[in-house]
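Hello,

Here is the structure I promised to pass on. Please have a look at it first, and then read my notes below.

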Amino acid sequence: MPSRDLERWMWAEACSMLDQAERLQRQFFDPPGRRGAARAWQPPVDIYATGNELVIMAALPGVTAERLEVGIDGAMLVIAGERRLPDALRGHQVQRLEIPRGRFERRLRLPPGVYQIDRLELNHGCLVLVLHRVDSLTGE
């Protein structure tokens, strides 16, 4: 394959991958009211495990503790709340909107076991949760 054709092919592949990444990003951002008022965006999460501990980090830029709900519902961890437009930006004309706002909810299936939330920290736009697996017979 001549180098010129290879460059065109690589460029086409790169553009295709960027389009795919943008479509995936839009899956996590569905503005309220577009398909119903109950729609919510889902924050991205990282999950780490060691022994009987899970550490979950969720990206929640601009979310205040007052607008955050975290709980365990059976085998599911539920992170929910609302990201509002800061008062300082009200009245401004939107030029670009990539950070989702409005209602959000993320449900994560927990590994087998009974878990309790040991630590919850909201800092610099990230929620860090530390969950501890509790032995269901002894409560430890």
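R106 sits in strand β5, which covers residues 102–109. Please keep in mind that this is a predicted model. R106 is buried but makes no salt bridge. Its nearest side chain of opposite charge belongs to D46, 8.6 Å away, whereas a salt bridge would need a side-chain nitrogen within 4 Å of a carboxyl oxygen. What the R106 side chain does reach is the backbone oxygen of P43, at 2.7 Å. Beyond its neighbours within four places in sequence, R106 is in contact with Q42, P43, P44, V45, L77, V78 and I79.

Next, the aromatic residues. Searching the whole structure turns up 1 aromatic pair. It is formed by W41 and F104, with ring centres 5.1 Å apart and planes at 50 degrees, so the pair counts as tilted. The two come from distant parts of the chain, 63 residues apart: W41 is in the loop between α1 (3–27) and β1 (45–50), and F104 is in strand β5. Both W41 and F104 are buried.

F104 also turns up in the surroundings of V63. Leaving out residues up to four places away in sequence, V63 touches L68, E82, R83, F104 and L122. V63 itself is in the loop between β2 (53–59) and β3 (68–73). One more distance for V63: its C-alpha atom is 8.9 Å from that of C126, which lies 63 residues away along the chain.

Best wishes

Notes:
Residues numbered from 1 in each chain as written. Predicted model: local features only at pLDDT ≥ 70, side-chain atom pairs only at ≥ 80, totals over all residues. Heavy atoms only, no water. Helix = DSSP H or I, 4+ residues; strand = E, 2+ residues; numbered from the N terminus. Buried < 20%, exposed > 50% of the residue type's maximum accessible area, 1.4 Å probe, protein only. Lys, Arg positive; Asp, Glu negative; His and termini not counted. Polar contact = N/O pair within 3.5 Å; in protein donor to acceptor, adjacent residues only side chain to side chain. Contact = heavy atoms within 4.5 Å. Phe/Tyr/Trp six-rings, centres within 6.5 Å; stacked < 30°, edge-to-face > 60°.
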